[in-house]
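Subject: Structure handover and findings

Dear colleague,

Here is the structure I said I would pass on. My notes follow it; please read them with the coordinates open.

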Amino acid sequence: MNILYVLPYFNPKRGGDVNVCTNLARGFVALGHNVTILTTDFELDKQYIQSLRSSGIEVSYFKCSFHVGLFLYSPNMKKWLENNIKNFDVVHLHTFRAYQNNIVTYYSKKFNVPYILQAHGSVLPFFQKQGLKRIYDHVWGYKILDDSSKLIALTQTEYEQYKEMGAEESKIEILPNGIDIREYQDIPERGEFRNKHSIKDYEKIILYLGRLNGSKGIELLINAFYKLSTELTNVKLVIVGPDDGFLSYIKNLINDLEIRDKVLLTGPLYHKDKMEAYVDADVFVTPRFSGFPVTFLESCACKLPIITTKNGDDLNWIDGNVGFVTEYNENSLKKAMLKLLLDDSLNEKFGLNGLKLIESKFNWEDIIKDLERLYKQIIYK
């Protein structure tokens, strides 16, 4: 098969959808298929692009003339689509509200190439810029959903969100995210992250890893941690991730609570450095999310228990199995963290359960085979 993946941006620092797209592309190339990624030069990491090309993945990118937020205008892409889209068997859109989707779906219909949409947790117009998102939906979004061959939901929650947007139920398929478990067969020794950041062996580490964005509930975590630190003195909050407009607020809150000595802000970490943080942490906390965070799977692969809240999509495999899902308030979050930090046997049990779950359910090899069947189903229907 010749497969076209479409993303408005392509930098691993963007996280979720970029990393998922990359892993799928690598998996399909390994199966003997041809994969091209179509994107823009917005925040382009040319070294990253070159590494993909050397592994057999073609990347075509076009100038972003201007952008409003992450709505990236790239009109030069039209000529490429006119000349090339007919050479593909299937198109896979990796995000929902994007200028690139508007033009790709137009040429996809013109040349009778089926396309799949995977919104990656952005089906409904919530969080920032809700008004603009609703305008997009009325002008383009609903039509993109209607004309799609399939819609990929990461969770049951996202399945229901597609339905709420008026999508045909028969089009929606649930396909979770995954990770390559082979990358975690030789994880770093415990203690390397602690040594780099002068964290004592007896200190318990609570880890947040993700974009520093106001939608993530990081302020709730900091406030809950403050309450926890009054009961448990040997505890450290480590916040890892790139600033996405919320770093100054986080720093001010930490200063106001007078817990600067108990909080470590590392900035973004990648590859081995990121894995070292997972390995040395005692619990992973994400207060609010949408979709299916790959960070949850990375935590499980490193045998790190998860705590999140009900202010997120329904991931029914977490609560009581690999961690806790609490109410979205400081006291509930504090109690869950305290329980896991004080109960070593429960912490170890959740960690082992998480690794088993990755091996049996959330590995890319099996997920890619399911997606391959889905591609063939819409191509040869």
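A residue is called exposed when its relative accessible area is over 50%, buried when that area is under 20%, and partly exposed in between. By that cut-off Ser 198 is exposed, because its relative accessible area is 59%. Please keep in mind throughout that this is a predicted model.

Backbone

Ser 198 sits in the loop between helix 7 and strand 10 (204-209). Its phi is near 55 degrees, which is a positive value in a residue other than glycine. Most residues other than glycine have a negative phi. Lys 303 also has a positive phi, of about 60 degrees, although it is not a glycine. Lys 303 belongs to the loop between helix 11 (294-301) and strand 14 (306-309), and with a relative accessible area of 41% it is partly exposed.

Salt bridges

How many salt bridges does a search of the whole structure find? The search returns 24. I describe a few of them here.

Glu 82 pairs with Lys 110, with the closest N and O atoms 3.1 Å apart.

Lys 196 forms a salt bridge with Glu 276, and here the closest N and O atoms are 2.9 Å apart. The pair links distant parts of the chain, with Lys 196 in helix 7 (residues 192-197) and Glu 276 in helix 10 (residues 271-280), 80 residues apart. Glu 276 counts as buried, because its relative accessibility is 2%. Lys 196 and Glu 276 also belong to a network of salt bridges that links them with Glu 192, Lys 272 and Asp 273.

Lys 334 forms a salt bridge with Glu 231, at 2.6 Å between the closest N and O atoms. Lys 334 lies in helix 12 (residues 330-342), while Glu 231 is in the loop between helix 8 (218-229) and strand 11 (235-240), so the pair ties together parts that are 103 residues apart in sequence. Lys 334 is buried at 12% relative accessibility, whereas Glu 231, with a relative accessible area of 46%, is partly exposed.

Thr 22 lies in helix 1 and is buried, with a relative accessible area of 2%. The side chain of Thr 22 makes a polar contact of 2.7 Å with that of Tyr 48. Leaving aside neighbours within four places in sequence, Thr 22 is in contact with Phe 10, Tyr 48 and Leu 52.

The structure holds one cavity of 30 Å³ or more, and the volume of the largest cavity is about 30 Å³. Which residues line the largest cavity? They are Val 20, Leu 24, Gln 118, Leu 175, Pro 176, Asn 177, Trp 364, Ile 367 and Leu 371. Helix 1 (16-30) and helix 14 (364-379) each supply at least two residues of this lining. The largest share, three residues, comes from helix 14. By class, the lining has seven nonpolar and two polar residues, and no charged ones.

Regards

Terms used. Residues numbered from 1 in each chain as written. Predicted model: local features only at pLDDT ≥ 70, side-chain atom pairs only at ≥ 80, totals over all residues. Heavy atoms only, no water. 1 Å grid on protein atoms, 1.4 Å probe; cavity = no way out; pocket = protein on both sides within 12 Å on 5 of 7 lines; lining within 4 Å. Points joined across faces, edges and corners; volume = space filled by probe spheres on them. Helix = DSSP H or I, 4+ residues; strand = E, 2+ residues; numbered from the N terminus. Nonpolar A, V, L, I, M, F, W, Y, C, P; charged D, E, K, R; others polar. Buried < 20%, exposed > 50% of the residue type's maximum accessible area, 1.4 Å probe, protein only. Polar contact = N/O pair within 3.5 Å; in protein donor to acceptor, adjacent residues only side chain to side chain. Contact = heavy atoms within 4.5 Å. Salt bridge = Lys/Arg side-chain N within 4 Å of Asp/Glu carboxyl O.
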